[in-house]
Amino acid sequence: MPAKVVEGKVVDSYRFSGPAAKIMRQAIPQEPQYDCIPWTPLKKPLRECRVALLTTAGISLKTDVPFDMERERQNPLWGDPSFRKIPHWVTEKDIEVNHIHIKADYLYQDLNVALPLQRFQELAQLGEIGALVPTHYSIMGYNTDPTELVCTSAPQIAAGMKAEEVDVAFLVPV
Amino acid sequence: MGLVQRVIEEAGISTLCVNMVPDYSRAYGFPRVAALEYPFSLTLGRPGDREGQLQVIRAALQALTEIQEPGGVVHLPFEWPEDPTTGDIHPPEPSPIAKLIRQGKVPNPVEVLGQGRWRSVDAILRKGRKLAAAAD
């Protein structure tokens, strides 16, 4: 079904937020929280780029240790900062969604809504991207203290992508 | 997500983040953002809607090629066809933190959840960079 297009649209950050999420999002500081923004220019046309995907949907393989939802239930200010590797071949039947802030049913129906492996394989077959690499990644998007995510998980994800000569990382939050 | 994006970009990989809350990207300096006003849990479109998903992905990839400066944001023109109040987009029960907030048990959620903990985000990023440099 073609998406409805509204030229000149400006995204409303809060249109789909529930009341508690609206309060949480008021926590976003008004002032920039960084001294500079990292930058790696795109070095080649997309049709030559190797692409990796990263989702915040808390997806694990059925053979993985799941993200720790029980600890979050005990301490709602804590969110699991670990990550999982997701091979390119997985389908809905190979995974679990460990994320208690979203409606997971849609991902079990079609993983592509948050981890678009099939869509990117199609783009690779059409020659619109160079290739989809073998390994993709999931984190779980609720986290009130980003220290471990930034200092432990993210560098390992980046190193894994570098090892597979990734040119482009495509990030899909939920 | 944006903080992870920054680490990946800094490692020498071009990144694009689809983002339903572009207010975050402004605060935390996401390198490249395709802002999209779609519901949480349905980021790229409806299950089974291959055409609609591809349309969003292609537009986001175009944003990736068009953004020429750090922090660039392209607002994608797609409009979700349903009213947010009627859509079935929330988890079966509110998350633990949402329950606490609704019960009034987090007296100052903005401070507890946000600025208090995230104010030091630049220091955290610097620490991450030092660790990454030491690992090289």
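Me: In S1(B), what is the bridge partner of Val168(A)?
Reply: This is a predicted model, in which local features need pLDDT of at least 70, side-chain atom pairs count only at pLDDT 80 or more, and totals for chains, interfaces and linings use all residues. Residues are numbered from 1 along each chain as its sequence is written, while chains are lettered from A and ligands numbered from 1 in the order in which they are written. Strand S8 (residues 168–172) of chain A and strand S1 (residues 14–19) of chain B pair in the parallel sense over four bridges, where strands (E, at least two residues) and helices (H or I, at least four) are DSSP runs numbered from the N terminus and pairing requires at least two DSSP bridges between the strands. Within S1(B), the bridge partner of Val168(A) is Ser14(B).

Me: Which residue of S3(B) stands opposite Lys4(A)?
Reply: Strand S1 (residues 4–5) of chain A and strand S3 (residues 72–79) of chain B run antiparallel and are joined by two bridges. In S3(B), the residue opposite Lys4(A) is Glu79(B).

Me: Which helix of chain B gives the most to the side that touches chain A?
Reply: With contact defined by C-beta atoms, placed from the backbone, that lie within 7 Å, 86 residues from chain B and 75 residues from chain A take part. On the side of chain B, the most residues, 10, come from helix H3 (residues 50–66).

Me: At roughly what angle do the axes of H5(A) and H1(B) cross?
Reply: Axes are lines fitted to C-alpha atoms, for helices over the stretch in contact, with angles from 0 to 180 degrees between N-to-C directions. The axes of helix H5 (residues 147–163) of chain A and helix H1 (residues 2–10) of chain B come within 9 Å, and their crossing angle is roughly 45°.

Me: How many nonpolar residues does the contact of H5(A) with H1(B) have?
Reply: Among the residues making this contact are Leu149(A) and Met161(A) of H5(A), and Leu3(B) and Ile8(B) of H1(B). Ala, Val, Leu, Ile, Met, Phe, Trp, Tyr, Cys and Pro count as nonpolar, Asp, Glu, Lys and Arg as charged, and the others, Gly among them, as polar. By these classes the contact has no polar and no charged residues, and the nonpolar ones number 11.

Note on methods:
Contact = placed C-beta atoms within 7 Å.
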